[in-house]
Amino acid sequence: MPPSTPASVPSAAPATPTAASRSDLVADAALALLAERGMRGLTHRAVDEAAGLPQGSTSNLARTRQALLELAVRRLADREERVLALDEMPDPHAGLDSLVDALALATHRALTLNRELTLARYELALEATRRPELRAHFDAAGARFRERLGGLVTELGSPDPERHVLSLVAWADGLMFSCVAGSFHAEVPGLQDVRSGLREILGGMLGG
């Protein structure tokens with residue numbers, strides 16, 4: 001008798017997306033659309049198409065445009081936290097140069113590997129100037145980084161941490177805007193150039 005044919009093993013059924021994973025998928029698609037098409041290109045239908053989801057999926061998660069924008073802001077904060085690597089920031093006792101290295105790496109990531117995410121952030125920041133309810137979400141999303149940076153410069157001896165944090169964030173934001181959407185968009189600085197700029201800023205502040 002011919003050998004029996006082994007029974008085929010049924011393939012595992014695809015996992016059903018959880019509410020959290022579906023929410024992240026929608027928010028990531030929204031951020032990508034903001035970077036590619038701007039605020040006018042962000043619609044529920046466009047997000048469904050970009051995410052590869054059935055029509056109506058985005059509306060089920062975020063019924064209004066405001067809810068969709070808030071979802072995008074929350075996801076932006078989660079992803080930028082990984083870019084900035086807050087949990088990798090050095091111990092202040094490691095010295096000024098360690099902080100400069102960490103901040104330079106985070107800023108350079110935003111300019112290169114995460115350029116589209118940075119562009120989406122500017123779209124949301126501008127929209128927040130016209131939507132007070134979105135402004136609250138946007139500001140809260142950036143508070144953790146400012147607080148962490150304030151603690152670091154305080155430990156390093158800053159006599160005016162609040163003012164120094166403002167100056168640092170303004171310098172980094174100005175660099176990123178200029179190189180992502182401004183007049184230097186075709187001239188992205190290298191990591192060492194970013195580091196040199198930050199070393200000058202922090203050295204002047206902290207006398208290092």
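## Ser-57 in helix α3

In this predicted model, Ser-57 lies in helix α3, which covers residues 57-61. Its relative accessible area is 8%. Buried means under 20%, so Ser-57 counts as buried. Leaving aside residues up to four places away in sequence, Ser-57 touches Arg-22 and Asp-48.

## Helices α4 and α7

Helix α4 (residues 65-84) and helix α7 (residues 132-155) have axes that come within 10 Å and cross at roughly 10 degrees. Angles under 35 degrees count as roughly parallel, and α4 and α7 are therefore roughly parallel to each other.

On the α4 side, the contact is made by Gln-66, Leu-69, Glu-70, Val-73, Arg-74, Leu-76, Ala-77, Glu-81 and Leu-84. On the α7 side, the residues are Glu-133, Leu-134, His-137, Phe-138, Ala-141, Arg-144 and Phe-145. By type, the residues of the contact of α4 with α7 are nine nonpolar, two polar and five charged.

## Helices α5 and α9

The axes of helix α5 (residues 96-111) and helix α9 (residues 191-206) come within 8 Å, with a crossing at roughly 135 degrees. The two helices, α5 and α9, are therefore oblique to each other. Their crossing is right-handed.

Residues of α5 that meet α9 include Leu-96, Leu-99, Val-100, Leu-103 and His-108. Among their partners in α9 are Leu-191, Val-194, Arg-195, Leu-198 and Gly-203. The residues of the contact of α5 with α9 comprise twelve nonpolar, three polar and four charged.

Terms used: Residues numbered from 1 in each chain as written. Predicted model: local features only at pLDDT ≥ 70, side-chain atom pairs only at ≥ 80, totals over all residues. Heavy atoms only, no water. Axes fitted to C-alpha atoms, helices over the stretch in contact; angles between N-to-C directions. Helix = DSSP H or I, 4+ residues; strand = E, 2+ residues; numbered from the N terminus. Parallel < 35°, antiparallel > 145°, perpendicular 65-115°, else oblique. Left-handed = near helix turned anticlockwise from the far one by under 90°. Contact = heavy atoms within 4.5 Å. Nonpolar A, V, L, I, M, F, W, Y, C, P; charged D, E, K, R; others polar. Buried < 20%, exposed > 50% of the residue type's maximum accessible area, 1.4 Å probe, protein only.
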